[in-house]
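Subject: Structure handover

Hi,

Here is the structure I promised to pass on. Please open it first, then read my notes below.

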Amino acid sequence: MVVYSFYIFDRHAECVYKKKWTPRPNSTGYKGQQPNGLPDGASQPKALSAEDDAKLIFGTIFSLRNMVRKLGGPDDNFISYRTGHYKLHYYETPTSLKFVMVTDTKTNNLRIVLHQIYVSLYVEYVVKNPLSPIEHPGGIGVNCEMFELGVEQFVVRLFPKDH
């Protein structure tokens with residue numbers, strides 16, 4: 001199992017934390033052709049910046065969460081979705097923080113893992129830290145070395161041979 005990236009979004013749709021471990025695989029068509037239909041050797045579109053990637057992730061979870069609530073009712077929750085190349089896991093806290101982890105497709109549901117990151121790392125090192133801001137206006141993210149180290153160790157312990 002491989003973890004590609006991890007994001008935390010606040011209630012104002014700002015990405016307050018992002019960490020990438022392994023790049024997601026590119027989807028490929030048949031040999032000799034790129035995913036956009038251009039033959040090999042043709043110029044490829046520019047890769048997304050980290051900010052654009054985070055915005056796309058948030059837009060995806062926002063849309064899917066709203067669709068699930070409209071189709072299933074207010075008590076239904078969006079937990080994860082899978083493509084042919086990755087699986088996106090989602091956990092939303094009561095304070096509307098959104099924890100998102102992108103993994104390979106073979107990974108089981110990580111909702112409990114995301115809840116553990118929230119309870120044992122985010123609450124302990126960010127919420128209880130008197131030097132950490134309560135709100136993160138203008139995209140000022142989580143800047144806590146203990147939290148970052150804790151996330152890194154947690155993921156390495158959870159997926160030992162992949163990192």
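E1 and E2 form a hairpin, and five residues lie between the two strands. In the turn, Ala 13 has a positive phi of about 70°. Ala 13 is not a glycine. Most residues other than glycine have a negative phi. Ala 13 is partly exposed, with a relative accessible area of 37%. (Buried means under 20% relative accessible area, exposed over 50%, and partly exposed in between, with a 1.4 Å probe and protein chains only.)

Before going on, a word on the model and its labels. This is a predicted model, with residues numbered from 1 along each chain as its sequence is written. Local features need pLDDT of at least 70, side-chain atom pairs count only at pLDDT 80 or more, totals for chains, interfaces and linings use all residues, and side-chain values use heavy atoms, with hydrogens and water left out. Helices (H or I, at least four residues) and strands (E, at least two) are DSSP runs, numbered from the N terminus. Two strands pair if DSSP finds at least two bridges between them.

The overall plan

The chain has three helices and five strands. From the N terminus on, the elements run β-β-α-β-β-β-α-α. Of the 163 residues in the chain, 36% are buried.

The sheet

The five strands form an open sheet in the order E2-E1-E5-E4-E3, with antiparallel pairing. E2 and strand E3 (80-82) stand at the edges with a single partner strand each, so one side of each has no neighbour in the sheet. From one strand to the next, the twist averages 10°. (Axes are lines fitted to C-alpha atoms, for helices over the stretch in contact, and angles run from 0 to 180 degrees between N-to-C directions.)

Here are the pairs, taken across the sheet:

- E1 and E2 run antiparallel and are joined by five bridges. Ser 5 stands opposite Lys 20 in E2.
- Strand E1 (residues 3-9) is joined to E5 by six bridges, again antiparallel. Phe 9 stands opposite Lys 98 in E5.
- Strand E4 (residues 87-92) pairs with E5 in the antiparallel sense over six bridges. Tyr 91 stands opposite Phe 99 in E5.
- E3 and E4 run antiparallel, joined by three bridges. Arg 82 stands opposite Lys 87 in E4.

E4 and E5 also form a hairpin, with five residues between them. Ser 96 sits in that turn and has a positive phi of about 70°. Ser 96 is not a glycine. Ser 96 is partly exposed, at a relative accessible area of 26%.

Strand E5

How many residues of strand E5 are buried? Six of the six residues (98-103) are, so E5 is largely enclosed by the rest of the structure. Both of its faces are covered. Lys 98, Val 100 and Val 102 are buried on one side, and Phe 99, Met 101 and Thr 103 on the other.

The cores

In soluble globular proteins, nonpolar side chains tend to be buried together. A nonpolar core here is a set of buried Ala, Val, Leu, Ile, Met, Phe, Trp, Tyr and Cys residues joined through side-chain atoms within 4.5 Å. The largest such core has 26 residues. Those with the most contacts inside it are Phe 6, Ile 8, Phe 99, Ile 117, Tyr 122, Phe 147 and Val 151. Two or more residues each come from E1, strand E2 (15-20), E5, helix H2 (111-127) and helix H3 (145-158). H2 gives the largest share, eight residues. Another core lies apart from it, with 15 residues, among them Tyr 4, Cys 15, Phe 58 and Leu 88.

Ile 112 lies in helix H2. Ile 112 counts as exposed, at 67% relative accessibility. Its C-alpha atom is separated by 10.0 Å from that of Tyr 90, 22 residues apart along the chain.

A pocket

Which residues lie nearest the centre of the second largest pocket? They are Thr 95, Leu 97, Tyr 122, Val 127 and Ile 134, out of 14 lining residues. (On a 1 Å grid over the protein atoms alone, a pocket is an open set of points where a 1.4 Å probe fits, with protein on both sides within 12 Å along at least five of seven lines; lining residues have an atom within 4 Å of a point.)

Best wishes
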